[in-house]
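Work through the two exercises below. Keep the structure open beside you.

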Amino acid sequence: MASFWSRSLPLAWVSAALLLAGCAVGPQPPSLAATSATTAPAAATPVRVKVFVAAMFEIGQNTGDRAGEFQHWYERYWKDATPIRVPGALQPVYCNADGVCGAVLGMGKVNSSASMQAILLNPAFDFSQAYYLLTGVAGTPPSRGTIGDVVWGTWLIDYDLGHRWAPEENTPGAPTFMPRKGYEDYRRFQLNPSLVGWALQLSADTPLQDSDSARAYRQRYPDAAARRAPAVGKGTHMTGDTFFHGPGLSKEAQYMAKLYGADDYVITEMEAAAITLVIKRSHGVERVMSLRGAVNFDQGNPRETTLAHLDPKPGETAGGFAETVGNIERVGARMVDHIVTHWPQWQAGVPPR
């Protein structure tokens with residue numbers, strides 16, 4: 001799944017949602033479109049990719065049912081596209097005549113990066129001038145964000161690379177994380193500030209959807225950031241396969257961001273740093289964008305335990321999922337459409353603003 005859905009949403013919510021959707025967490029059965037996918041002939045002219053949009057999961061089919069991370073993108077850009085099967089990738093790639101391509105890569109660092117690697121190395125595509133938009137749902141600390149927020153990544157940090165130990169084996173209140181030498185080149189990535197600036201300039205005023213359930217849920221938290229209406233923002237995205245949760249580990253994630261010289265941690269997700277490393281080794285990171293929408297808080301409110309927040313009673317979940325996946329596409333499409341429409345200015349690199 002994209003980013004942080006199964007690791008960031010309460011267990012009961014996830015189980016119920018997936019049962020209702022008729023799908024399972026993990027590798028999904030091929031959609032009807034994927035079943036009829038064709039492998040591009042080796043002699044065919046490669047598709048010149050202008051923007052590649054990556055999602056991490058879909059619920060059911062790509063269109064016509066409950067939307068996951070990919071459906072809104074698919075309906076906007078690829079409804080009439082022929083799926084292209086890529087050996088080694090989880091799902092087919094779709095491309096339109098304007099050079100906008102996209103795919104569902106799979107949930108988690110290994111799953112998503114393996115798919116990205118297979119797609120980048122496939123001769124059916126020319127990624128030499130491509131921009132990358134990595135998208136999905138996520139969690140946010142209530143001190144920094146709220147349900148429905150859409151956040152452009154300024155830094156990507158791998159949460160899992162380093163040393164950790166049990167809190168009881170440490171000085172009370174001291175951090176239980178220490179960086180490990182040897183990971184310096186891929187434990188963090190600063191995304192192109194000029195590209196982030198463009199993204200914010202083009203999308204900051206995007207009208208965002210909200211829901212009554214999300215509005216009510218926010219009021220359980222005392223933080224001003226948690227109680228406000230959703231907005232477009234920026235900050236550090238923390239990538240981790242480990243579902244860290246609760247105020248203690250949220251504080252540790254913020255400590256890591258400060259330790260690495262990054263911006264405030266505002267988003268927790270599962271894939272972006274790993275995918276970016278794959279792209280870096282082939283094409284660099286100057287054209288990579290990470291865009292996440294918050295569908296949950298990374299901790300409970302002061303009146304509930306972390307376990308209760310992870311596995312809530314019926315009716316105690318945040319809401320706002322459908323609205324947030326719509327918000328992500330609405331915000332991100334402004335950047336995609338601008339790049340494609342002004343391709344002569346963007347082809348050689350990010351233009352000055």
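The model is predicted: local features need pLDDT of at least 70, side-chain atom pairs count only at pLDDT 80 or more, and totals for chains, interfaces and linings use all residues. Residues are numbered from 1 along each chain as its sequence is written, and side-chain values use heavy atoms, without hydrogens and water.

**Exercise 1.** Describe how H5 and H10 cross, and list the residues that meet.

Step 1. H5 spans residues 109–121 and H10 spans residues 272–283. Helices are DSSP runs (H or I, at least four residues), numbered from the N terminus.

Step 2. Their axes come within 8 Å and cross at roughly 25°. Axes are lines fitted to C-alpha atoms over the stretch in contact, with angles from 0 to 180 degrees between N-to-C directions.

Step 3. H5 and H10 are therefore roughly parallel (angles under 35 degrees).

Step 4. From H5, Lys109, Ser112, Ser113, Met116, Gln117 and Leu120 make contact (heavy atoms within 4.5 Å). Their partners in H10 are Ala274, Ile275, Val278, Ile279, Ser282 and His283.

**Exercise 2.** Give the volume and lining of the largest pocket.

Step 1. A pocket is an open set of points on a 1 Å grid over the protein atoms alone, where a 1.4 Å probe fits, with protein on both sides within 12 Å along at least five of seven lines. Lining residues have an atom within 4 Å of a point.

Step 2. The largest pocket holds about 290 Å³, the space filled by probe spheres set on the points.

Step 3. It is lined by 13 residues. Gly173, Ala174, Pro175, Thr176 and Gly248 lie nearest its centre.

Note on methods:
Helix = DSSP H or I, 4+ residues; strand = E, 2+ residues; numbered from the N terminus. Parallel < 35°, antiparallel > 145°, perpendicular 65-115°, else oblique.
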